[in-house]
Amino acid sequence: MADTMKLVVLLAVVIVCCGSTVSAEELFMVGGSEGWAVPSEADFYHRWASDKIFQVGDILRFRYKHGSVLMVSREDYEKCYTADPILVYRGRNTHYRLNRSGYYYFISGELEHCEQGQKLAIQVMSSDMNASPPPPPDPPLKPVFHCADSEDPLICYSEFRASKYDEY
């Protein structure tokens, strides 16, 4: 019985430790309560995304009544070019998992809707980009020479110091 209890406690500790290091995916409802629709302001989706941090593994949920969602290249995003999408989604409730870091571009499948601002560009960070930055490297070592009052070079010796403020 005591061995079983120890095993249970050990398993609980492992789950807590491992669980704290795994980044949980987040579900983003594109456009919030407005969903994926022709916006009242052309920069609506830009403003919606501007205060969010997207990471690999997060999910975008597009809710819409009509039309489609196209994943496109940056050039097609800027021109609202709908003829050559990377991916096409129809179905009024599209979920897309962000599977790599970098930029993603989505537009409405209807040209006039895209031109009215129904388009979204986001930058996705890899999960390790949110980790604390590494400490700065140590300053380079430089020789510091010590010589006795004698001019005999055999009496001189050197040591290396890390301080960048030491003078020769």
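## Strands 4 and 5

Strand 4, residues 69–71, pairs with strand 5 in the antiparallel sense over 3 bridges. Pairing here requires that DSSP finds at least two bridges between two strands. Strands (E, at least two residues) and helices (H or I, at least four) are DSSP runs, numbered from the N terminus. Val-69 has Tyr-89 of strand 5 as its bridge partner.

The model is predicted: local features need pLDDT of at least 70 and side-chain atom pairs count only at pLDDT 80 or more, while totals for chains, interfaces and linings use all residues. Residues are numbered from 1 along each chain as its sequence is written, and side-chain values use heavy atoms, with hydrogens and water left out.

Strands of a sheet pair through backbone hydrogen bonds, in either the parallel or the antiparallel sense.

Another open sheet consists of 3 strands in the order 1-3-6, and its pairing is mixed. Its edge strands, strand 1 (27–29) and strand 6 (93–97), each pair on one side only. On average, neighbouring strands of this sheet are turned by 20 degrees against each other, direction ignored. The angles are taken between axes, which are lines fitted to C-alpha atoms (for helices over the stretch in contact), on a range from 0 to 180 degrees between N-to-C directions.

Strand 1 runs parallel to strand 3 (residues 59–63), and 3 bridges join them. Leu-27 has its bridge partner, Ile-59, in strand 3.

Beyond its neighbours within four places in sequence, Thr-94 is in contact (heavy atoms within 4.5 Å) with Leu-60, Arg-61, Phe-62, Tyr-64 and Tyr-89. With Tyr-64 there is a side chain to side chain polar contact of 2.7 Å. A polar contact is a pair of N or O atoms within 3.5 Å; within protein, one must be able to donate a hydrogen and the other to accept it, and residues adjacent in sequence count only if both atoms are side-chain atoms.

## His-46 in helix 2

His-46 lies in helix 2, residues 44–50. His-46 is exposed, because its relative accessible area is 58%. His-46 and Ala-121 are 75 residues apart in sequence, with 7.1 Å between their C-alpha atoms.

Terms used:
Buried < 20%, exposed > 50% of the residue type's maximum accessible area, 1.4 Å probe, protein only.
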